[in-house]
Amino acid sequence: MNLGQMLGAAVRESIPARASAISRFGQIAGEQTREVLEALVPIRYEMWQTAEDERTCPICGQLSGEIWPEGEGFTPPVHDHCRCRRVYRHTEFRRR
Ligand SMILES: [Zn+2]
């Protein structure tokens, strides 16, 4: 076997070894990604939204734009004829 043949053989042997290393790495990365994703809980956040006109009361004006996690904070109506609502704002992920 000459040098060229030796190099050729080395390259042929290393290609499957590298492919398997890359595939194993991908598998590990996939497992870690899945573990991380499984440890995360989505939390929905909502924002207080007033009717935004001249009849918006001072109470609701104060709350306008406030953001809470779903199920926390104030919930409309906060007074008679309150026209406010809470609208979905964004989702954050927390670790369990
Ligand atoms: Zn209101």
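This report describes the fold, the sheet and selected residues of a predicted model.

## Overall architecture

The chain contains 2 helices and 3 strands. Read from the N terminus, the elements follow the order α-β-α-β-β. The radius of gyration is 29 Å, whereas the globule rule gives 12 Å for 96 residues; the chain is therefore more spread out than a compact globule. Along the principal axes, the C-alpha atoms fill a box of roughly 95 × 25 × 15 Å.

Burial is limited in this model: 6% of the 96 residues count as buried. Where contacts join residues at least 6 apart in sequence, 57% of them link residues at least 24 apart.

## Domains and the N-terminal helix

Two domains are assigned, with domain 1 covering 1–38 and domain 2 covering 41–95. Their centres, taken over C-alpha atoms, are separated by 52 Å.

Helix α1 spans residues 3–38 and comprises 36 residues. From the first C-alpha to the last, α1 reaches 52 Å, which is close to the 52 Å expected at 1.5 Å a residue. The number of buried residues in α1 is 0, so the helix lies largely in the open. In general, an α-helix has 3.6 residues a turn, so residues three or four places apart point the same way.

## The antiparallel sheet

The 3 strands form an open sheet in the order β2-β1-β3, with antiparallel pairing. Strands β2 and β3 are the edge strands, each pairing on one side only. Neighbouring strands of the sheet are turned by 30° against each other on average, direction ignored.

Strand β1 (residues 40–49) is joined to strand β3 (residues 85–95) by 10 bridges, and the two run antiparallel. Within this pairing, Y45 stands opposite H90, and P42 stands opposite F93. Towards strand β2 (residues 67–69), β1 pairs over 3 bridges, again in the antiparallel sense. Here E46 has W68 as its bridge partner. Strand β3 is hardly covered, since the count of buried residues among its 11 residues is 0.

Neighbours within four places in sequence set aside, W48 is in contact with L63, S64, G65, E66, C84 and R86.

A further distance relates W48 to T91: the two residues are 43 apart in sequence, and their C-alpha atoms lie 15 Å apart in space.

The C-alpha atoms of T75 and R86 are separated by 7.4 Å, although the residues are 11 apart along the chain. R86 is also one of the contacts of W48.

P77 has its place between β2 and β3, and the peptide bond from P76 to P77 is cis, with omega near 0°. H81 is found in the loop as well; its phi is positive, at about 65°, although H81 is not a glycine. Most residues other than glycine have a negative phi, and most peptide bonds are trans. With 7 other C-beta atoms within 10 Å, H81 is exposed.

Methods. Residues are numbered from 1 along each chain as its sequence is written. This is a predicted model: local features need pLDDT of at least 70, side-chain atom pairs count only at pLDDT 80 or more; totals for chains, interfaces and linings use all residues. Two strands pair if DSSP finds at least two bridges between them. Helices (H or I, at least four residues) and strands (E, at least two) are DSSP runs, numbered from the N terminus. Domain bounds come from an automatic or database domain assignment. The expected span of a helix is 1.5 Å times one less than its number of residues. A residue is buried if 20 or more other C-beta atoms lie within 10 Å of its own, exposed if 12 or fewer, and partly exposed in between; C-beta atoms are placed from the backbone. Axes are lines fitted to C-alpha atoms, for helices over the stretch in contact, and angles run from 0 to 180 degrees between N-to-C directions. The radius of gyration is taken over C-alpha atoms; the globule rule is 2.2 Å times the number of residues to the power 0.38. Two residues are in contact if their C-beta atoms, placed from the backbone, lie within 7 Å.
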